[in-house]
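Here's a quick tour of one protein model, with a few side chains picked out along the way. Have a look at the structure first, then read on.

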Amino acid sequence: MKLQKGLDSFQLKIIALIFMTIDHIAVFGLLSPFSDTVHTVFRSAGRIAAPIFLFILVQGLLHTRSKLKFIVRLYIAAAAVEALNVIFQLGFFAGYPFTPGNIFRTLMYTALYITCIEYIINAVKKNEYKKMILPLFGMILPFVAAWIFSLASQYADLYMQAPLIPLRGIDILTMLLCPIHTIEFSLLFVVLGVVWYFVNRKMLNCLILVLLSGISYLLNHTLFMDLPFSNVLSFNFYQLFVSVQWYMVLAVPFIAFYNEEKGRSLKYFFYIYYPLHQYVLFLLAIILFKT
């Protein structure tokens, strides 16, 4: 059997899962008995996960037969995880400081914008300008949806809980609209994925991540707290410039060793593991340390 050099997509995904779990061990309170230094080390190591997941997404989009199905699958996953997160926050873990993540929304928007931009480029090349209308609409719609969400969230009755399930109006809006201004790692991470897709040169993509990590190290996140138009839509750009985020540069060696092979296929494993491990880790923290 011929051995492949480097890391395939499956192996990269497992590495990302491991570092994500390390990060969430700290996030959900399992390091309570330890020093702040240990907590920082775990969170810093966890910065490796998201760039690898983004890179794997880009590679998947380069080879998938249907980008639209890919987007729909990510949207369904984002909505489902958002619903589960709220149910656990307001139901099982009510009264506890539980703030689970939802990376599927970030990945979904990355796939959406890559697809729309690619459609527009192809339409321009073929002088078929009418075919630009739908993808342009697809690029604008998330901002309109975010604006609608921002306006609607000002009404107090949206926070009233439903009688049978722990879902409020604001939670249902979040599930359906996936507000782009609140996605994990911010819209800048989506831009990174789009750039990676169209550059499509592994070592150059690594260099781009190094440069972004350097900027993250040099800039203080407070610079992004009060940007123009924040009274209309407050984008969370600061998330890419918090103190430990620049450690995402540590993902570069793993990405550099990517061998362009798919490897084993466990398509839905991540979709299940991602939300489940968050709830298990936080439950363990409650049991062990009464978080």
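Let's start with T106, which sits in helix α5 (residues 103-125). This is a predicted model, and in it T106 is buried because its relative accessibility is 0%, under the 20% cut-off. Leaving aside residues up to four places away in sequence, T106 touches I183, E184, F189 and V190.

How confident is the predictor? The protein averages a pLDDT of 91, and 93% of the residues score at least 70. Among the elements, helix α7 (residues 169-177) has the lowest mean pLDDT, 87, while helix α10 (residues 252-256) has the highest, 98.

Now for the charged side chains. Side chains of opposite charge can pair when their charged atoms come close. The structure holds six salt bridges, and here are some of them:

| Salt bridge | N to O distance |
|---|---|
| E118 and K67 | 3.1 Å |
| E82 and R105 | 3.9 Å |
| K131 and E128 | 3.1 Å |

E118 lies in helix α5 and K67 in helix α4 (residues 67-92), so this pair ties together parts 51 residues apart in sequence. E118 is partly exposed at 22% relative accessibility, whereas K67 is buried at 17%.

E82 in helix α4 and R105 in helix α5 pair up too, so they tie together parts 23 residues apart in sequence. E82 is buried at 14%, and R105 is buried at 8%.

Elsewhere, salt bridges with shared partners join D23, R43 and R47 into one network.

Key: Residues are numbered from 1 along each chain as its sequence is written. This is a predicted model: local features need pLDDT of at least 70, side-chain atom pairs count only at pLDDT 80 or more; totals for chains, interfaces and linings use all residues. Side-chain values use heavy atoms; hydrogens and water are left out. Helices (H or I, at least four residues) and strands (E, at least two) are DSSP runs, numbered from the N terminus. Buried means under 20% relative accessible area, exposed over 50%, partly exposed in between (1.4 Å probe, protein chains only). Contact means heavy atoms within 4.5 Å. pLDDT is the predictor's confidence in each residue, from 0 to 100. A salt bridge is a side-chain nitrogen of Lys or Arg within 4 Å of a carboxyl oxygen of Asp or Glu.
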